[in-house]
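The sequence and the structure are shown first.

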Amino acid sequence: MIYRKAKFSDVEDILKLINDYADQGLMLARARNTLYEGLREFILAEEEGKVVGIAALHLVWDELGEIRALAVHPSKTKLGIGRQIVEMLTEEARELGVKTLFALTYQPGFFAKLNFKEVPKESVPHKMWKECINCPKFPNCDEIAMVKEL
């Protein structure tokens, strides 16, 4: 398994992985242009030339970062790929000076295993909601807020 930063040539594989899960209601869909704009945020897992896991570290505000777009190919779940990617992004966040890392998720159990704590969405800084206005579920967000202090 190779873990690396994403490249332009990975965008279509990233898009498919995310939107296949989004079609099942398991995560939010992403537009191709959003992936291109945020490509530098992604770390991915590659096996035999195929993208099998992804996630991004998005810097939101002063010392605040978000783990977003975490997805692992269905045939590769439960192998520690998602955990490895989140741990790599967490280390990158620390190096950048992030003090609070959060995720909005439908999989709180996964993040709890990585020492994220569930919190009421209302308790997180308003800056984290700046992109929610563009979400199709706004204002009725059903994701769970998870926070980890670094």
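The text below treats the charged side-chain pairs and then the pocket. The model is a predicted one.

**Salt bridges**

The structure contains nine salt bridges.

| Salt bridge | N to O distance | Relative accessible area of the partners |
|---|---|---|
| Arg4 and Asp10 | 2.8 Å | Arg4 18%, Asp10 4% |
| Glu66 and Arg68 | 2.9 Å | Glu66 8%, Arg68 15% |
| Glu91 and Arg94 | 3.9 Å | Glu91 37%, Arg94 42% |

In the pair formed by Arg4 and Asp10, the side chains meet with N and O at 2.8 Å. Arg4 counts as buried because its relative accessible area, 18%, is under 20%. Asp10 is likewise buried, with a value of 4%.

The side chains of Glu66 and Arg68 form a further salt bridge, at 2.9 Å from N to O. Glu66 is buried at a relative accessible area of 8%, and Arg68 is buried at 15%.

Where do Glu91 and Arg94 lie in the helix α3? Helix α3 spans residues 81-96, and because Glu91 and Arg94 are three residues apart within this helix, about one helical turn separates them. The closest N and O atoms of this salt bridge are 3.9 Å apart, a distance that qualifies because the cut-off is within 4 Å. Glu91 is partly exposed, with a relative accessible area of 37%. Arg94 is also partly exposed, at 42%. Elsewhere, salt bridges with shared partners link Arg4, Asp10 and Glu46 into one network.

**The second largest pocket**

The second largest pocket has a volume of about 300 Å³. Its lining comprises 16 residues, of which Leu17, Lys50, Val51, Val52 and His73 are the closest to the centre of the pocket.

Which elements each supply at least two residues of this lining? They are α1, covering residues 11-23, and β3, covering residues 50-61. The greatest contribution comes from α1, which provides five residues of the lining.

By residue class, the lining of the second largest pocket consists of seven charged, five nonpolar and four polar residues.

Conventions. Residues are numbered from 1 along each chain as its sequence is written. This is a predicted model: local features need pLDDT of at least 70, side-chain atom pairs count only at pLDDT 80 or more; totals for chains, interfaces and linings use all residues. Side-chain values use heavy atoms; hydrogens and water are left out. Buried means under 20% relative accessible area, exposed over 50%, partly exposed in between (1.4 Å probe, protein chains only). Helices (H or I, at least four residues) and strands (E, at least two) are DSSP runs, numbered from the N terminus. On a 1 Å grid over the protein atoms alone, a cavity is a set of points where a 1.4 Å probe fits but cannot get out, and a pocket is an open set with protein on both sides within 12 Å along at least five of seven lines; lining residues have an atom within 4 Å of a point. Grid points are joined across faces, edges and corners, and a volume is the space filled by probe spheres set on the points. Ala, Val, Leu, Ile, Met, Phe, Trp, Tyr, Cys and Pro count as nonpolar, Asp, Glu, Lys and Arg as charged, and the others, Gly among them, as polar.
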